[in-house]
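Please read the following explanation alongside the sequence and the model.

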Amino acid sequence: MNLAEQLPVIPIILPLVAAPLTLLIRPGRAPWAWVTFISWLIFAACVAILADVAANGVISYHLGDWAPPIGIEYRIDLANALVLALVSGVAAAVFPFAYESVRTEIDDRQSPFFYTMMLINLTGLLGVTITGDAFNVFVFLEISSISTYALVAMGARRDRRALTSAFNYLVMGTIGATFFVIGLGLLYQATGTLNMADLHLKLAGLNNRVVEAGFAFILVGIGLKLAMFPMHLWLPNAYTYAPSAVSAFIAATATKVAVYVLVRFFFTVFGLDFAFLTKAFTFVLLPLGLAGMFLASLVAVFQEDVKRMLAYSSVGQIGYMLLGISFGTEKGLAAALIHVVNHGLMKGALFMAVACVVLRLGDQRCDAFQGLARRMPFTTWAFVISGLSLVGVPMTVGFVSKWYLVNAAFAAGNIAAAFLVVASSLIAAVYVGRIVELMVLREPAETASGSRPVKEAPWSMVIPMWVLVIANIYFGVHTEFTAGLASQAAAALMTIAGGR
Amino acid sequence: MIDFAFIAERYNYWIFIILMMIGLYTVISRGNLIKKMVGLNIFQTSVFIYYISVGKIAGGTAPILIGGEDHGEEPAAEGVGQAAPALAQSEALHAEPFPKIEGFEANDLSTALSGTEPGAEAGHEALHAAPTANPPLTAPDEALTTVPPPSFDIAPPADAAQHAAGAGQPLDALHQTAEIIYTNPLPHVLILTAIVVGVATTAVGLALAVRIREAYGTIEEDELEAADDIAEFGHAMTGKAGA
């Protein structure tokens, strides 16, 4: 058996097999080391896949050697290769990071279960991204979601509200997934196939009410999963009360993967000549994207809890992605894909910085961040740089995203949207600036200095965090990598979608 | 003007929609976490029913080979209680390779669909048209049972086929078996997967409810909110707590 031929299945098989094995390992450092090792292997495989796709074009892997329309196909083009690299990359940074944080936040006896869940979650996210079969998306989506519910609930040791937020997330997530299945059922009824490429062929020219209803169900279902603005209610609580390492991981990956699924269904399955799609762009994605950008960002400004603030900011940032998609142009789609990757990088780094603070101070409220620059300089500057990236300051990835988005807005003739993007960035500047001011400019609070000195976070946390921070800067300067690949991916998607 | 026949014909969709709404309403309106989980379950089950009813074709049988080399002997033997006619049956089937193919084709929703023009209701129409376009399932069975006169005793298979051809009836049987309708198995398989997912979700949800009960001493949503408010602000808030 040639390993290179089997490469596409490795990111799925490896964590899926490794996850139950993790349960057999004695609690302590071993499960963590094992999981970290696996995550690096997966990252290597995903980078190899990305390189392969960039060089040789689309990979189609037939699972069990069954030919596509009937068998399950893993179909990797640039768009999902990029998301694969992002998800596995964030995993490769968060998994080594998790050890110290998890040790303080989770009962030690539970640690094998925790890392098992993390691997299963990773399997689900990678599976959603890699597969070319519509029903497979649902299965992997639920694999990742159900493990996320359990992971969020593990925050109960610090705050019992983790349990109720996990429960609410479960209810909403299940409704979303079930809507998605109803949509798939309608599409299957209309076409008799579940393979995405095959669906696209058979849906061409089909504009009846069954397909329209299927589209609507899929839009709402995935909208719930990606926390589209009015359906985001599960997100802030889940991110706030989850263990810090989990927040860092799911904030950087889960919603991004859902955005990818939306893009995949819109452009690869339905295509632009499906009349309903353009209506959905103008009447659903555009207004909801804009509303999310402003309202969620405004709510973020008034949060006392830094994790909750970042969670609301995530809802706002998803607004940018939806806005980019809603233009229905190649540039807009490219901007959305770029922001998917970039937002993963910056939110990952920000949540990791908060995790460091939580580790040392046991508190995630704004007050705890006061005067941290003296005591935890590495953490502080990581937060500052990735925060600036979130705002969209030049030399960071955030700027690249905003640049492409504003460009796309002008190209689409929607000048108002371009200004709104800039205006909402100013709101981001307010909520990030508030925390940065507390950290850098204020003197430390008296009580904190009196009792025990606060140390910098351990190296096992600082190094992975700074890897992401440096990625924020590196990809902000060397734009040809993310932006270049995302533009090519968008061009390829538009060709399939039959766009202008 | 309400087309009652149109509505009544699609009763499976009505069952699905009503169950789905009952489930969704329960999830939204009930404050008790267990009731919410049950509502969620009903909601999911409605979708299972939808998938299963979509896959079912009127008069269709389970997707197993009927009248094939190995399995064909049984119904014939049952019907007549003799070995020779069964042999004749299987030989006759050999003449026509893979008789099941046509049955499958008739089952393929896409081909059925492409036959009709894409209109507002094309999907529905095609689906409902598909089963009626084929002869009902009972036909082959009847044919099998009425096939050979019991006087055939131990004739060699080829002869039996000849005789049968002469008799005229088994040819009919052959013709009929070629058009056995199979219920589409794929939605059923998909729903098996979805049922597993649903069971897992329910298990996690109920486990969370147990943990919530341990942590809060209640599983009523409003009491949980009040408990959180008291913990955070020192008193219960009237109305919804600020986000």
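Does Asp65(A) count as buried or exposed? Asp65(A) counts as exposed because it has 7 C-beta neighbours inside 10 Å, where exposed stands for 12 or fewer other C-beta atoms within 10 Å of a residue's own and buried for 20 or more, with C-beta atoms placed from the backbone. This is a predicted model, in which local features need pLDDT of at least 70 and side-chain atom pairs count only at pLDDT 80 or more, while totals for chains, interfaces and linings use all residues. Residues are numbered from 1 along each chain as its sequence is written, and chains are lettered from A and ligands numbered from 1 in the order in which they are written.

Asp65(A), found in the loop between strand S1 (59-62) and strand S2 (73-76) of chain A, has a positive phi of about 65° although it is not a glycine; strands (E, at least two residues) and helices (H or I, at least four) are DSSP runs numbered from the N terminus. Ala227(A), likewise not a glycine, has a positive phi of about 60°, and it lies in the loop between helix H8 (209-225) and helix H9 (234-241) of chain A. Ala227(A) counts as buried because it has 28 C-beta neighbours inside 10 Å.

Turning to the interface, 38 residues of chain B are in contact with 36 residues of chain A, contact being defined by C-beta atoms, placed from the backbone, that lie within 7 Å. The largest share of the side of chain B that touches chain A, 13 residues, is provided by H12(B).

How values were computed:
Two residues are in contact if their C-beta atoms, placed from the backbone, lie within 7 Å.
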